[in-house]
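This briefing goes through one protein chain, topic by topic. Please look over the sequence and the structure before reading on.

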Amino acid sequence: MRAESRAVRRAGKRLGFVPTMGALHEGHLSLVRAARASCDVVAASIFVNPTQFGPNEDLAKYPRSFDRDRESLEREGVEFLFAPSVEEMYPAGAVTWVTVEGVSDKLDGRSRPGHFRGVATVVAKLFHVVEPDAAFFGQKDAAQVAIIRRMVRDLSLSVEIVVCPIVREPDGLAMSSRNTYLDREQRKRALVLHRSLMHIQKLAESGEQEAANLVAAGREDFAQVPSVRLDYLEIVHPDTLDPVMDISGGALAAVAAFVGSTRLIDNLLLPGKSRSQ
């Protein structure tokens, strides 16, 4: 992978990179297309990273469809697929970690201790192997985006981070590899995540600026679907993930919930507006 990457750059071409854990859907492919649109050559990776799963999480059952994924990437014109083994990515006795202090314990990091240490470590390793000019991530993983941006800045990594919009099903559910876990009834109930965000957006557009009021409105939607267990619903600064009092300077509304045993996430960027308007 390194040899191919360096050959691309020696030829004066721009290399785009889409890191994935496989089980590809239209959301992933939208990242590939964004990379294709702005780069000369596109690489993707498929690696189900064990260090970002907690002891009681779904590593063993995480969907794996390597052959189908490879065919999808080939159809999209991806030139290079990096698919290392766990042993390659984590050599025996490895003890070095990348930890983004102060951001990694918020939102998903609070619910999944150690998760973002695993994410930051594997993404840093992938960047060192692939050496891309630009890497493409989805807005759905907003906390992950904040952490990777901070890591890239703090470690002076020479990669541009490009964040692409959430891709949704026709009914609004954010596309996720974990959606395959849902049965028909759970799939219907899962729409409460998007519905709560739309409720928040509507209130914000009508002039509500106080974050506490917007969160309370979003929680009302979950109260009507008691079988869905809310993990968090917060309005935070999109870069620091710290709670904000109001959205006048723009904010991120982020939600995570369990539908059965499946944990889903979603979010929405709120542009805010100045109080003088």
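**Cavity, pocket and ring contacts**

Sorted by class, the residues lining the largest cavity are five nonpolar, two polar and one charged. The model is a predicted one.

**Largest cavity**

- The structure has one cavity of 30 Å³ or more, and the volume of the largest cavity is about 40 Å³.
- Its lining consists of Leu 173, Ala 174, Ser 176, Asn 179, Leu 193, Leu 264, Ile 265 and Asp 266.
- Strand E8, residues 262-270, contributes the most to this lining, with three residues.
- Rolling a probe the size of a water molecule over the atoms shows where empty space is left.

**Second largest pocket**

- The second largest pocket holds about 160 Å³ of space.
- The residues that line the second largest pocket are Arg 9, Phe 127, His 128, Glu 131, Pro 132, Asp 133, Leu 157, Ser 158 and Val 159.
- By class, four of these lining residues are nonpolar, two are polar and three are charged.

**Aromatic pairs**

- A pair of aromatic rings is described by the distance of the centres and the angle of the planes.
- The count of aromatic pairs is three.
- Phe 53 and Tyr 62 are edge-to-face because their planes stand at 75°, with ring centres 5.8 Å apart; the cut-off for this class is over 60 degrees.
- Phe 53 counts as buried because its relative accessibility is 11%, and Tyr 62 counts as buried at 8%; the limit for buried is under 20%.
- Phe 127 and Phe 137 also form an edge-to-face pair, with 6.4 Å from centre to centre and 75° between the planes.
- This pair links distant parts of the chain, 10 residues apart: Phe 127 belongs to helix H6 (residues 115-130) and Phe 137 to strand E4 (residues 134-138).
- Phe 127, one of the residues lining the second largest pocket, counts as buried at 6% relative accessibility.
- Phe 137 has 5% relative accessibility, so this residue counts as buried.

**Charges over rings**

- Lys 61 has its charged end over the ring of Tyr 181, at 4.4 Å from the ring centre.
- Over the face of Tyr 90 lies Lys 125, 5.6 Å from the centre of the ring.

**Backbone with positive phi**

- Most residues other than glycine have a negative phi, and most peptide bonds are trans.
- Ala 23 has a positive phi, near 50°, although this residue is not glycine.
- Ala 23 is placed in the loop between strand E1 (15-20) and helix H2 (26-38), and with a relative accessible area of 9% this alanine is buried.
- Leu 107, also a residue other than glycine, has a positive phi near 50°.
- The loop that holds Leu 107 runs between helix H4 (86-89) and helix H5 (108-111), and Leu 107 counts as buried at 1% relative accessibility.

**Overall fold**

- What secondary structure does the chain have? The chain comes to 10 helices and eight strands.
- The C-alpha trace spans about 55 × 45 × 40 Å along its principal axes.
- The chain has a radius of gyration of 19 Å, which agrees with the value near 19 Å for a compact globule of 277 residues.
- Of the 277 residues in the chain, 53% are buried.

How values were computed:
Residues numbered from 1 in each chain as written. Predicted model: local features only at pLDDT ≥ 70, side-chain atom pairs only at ≥ 80, totals over all residues. Heavy atoms only, no water. 1 Å grid on protein atoms, 1.4 Å probe; cavity = no way out; pocket = protein on both sides within 12 Å on 5 of 7 lines; lining within 4 Å. Points joined across faces, edges and corners; volume = space filled by probe spheres on them. Nonpolar A, V, L, I, M, F, W, Y, C, P; charged D, E, K, R; others polar. Phe/Tyr/Trp six-rings, centres within 6.5 Å; stacked < 30°, edge-to-face > 60°. Buried < 20%, exposed > 50% of the residue type's maximum accessible area, 1.4 Å probe, protein only. Helix = DSSP H or I, 4+ residues; strand = E, 2+ residues; numbered from the N terminus. Lys NZ or Arg CZ within 6 Å of the ring centre and 35° of its normal. Rg over C-alpha atoms; globule rule 2.2 N^0.38 Å.
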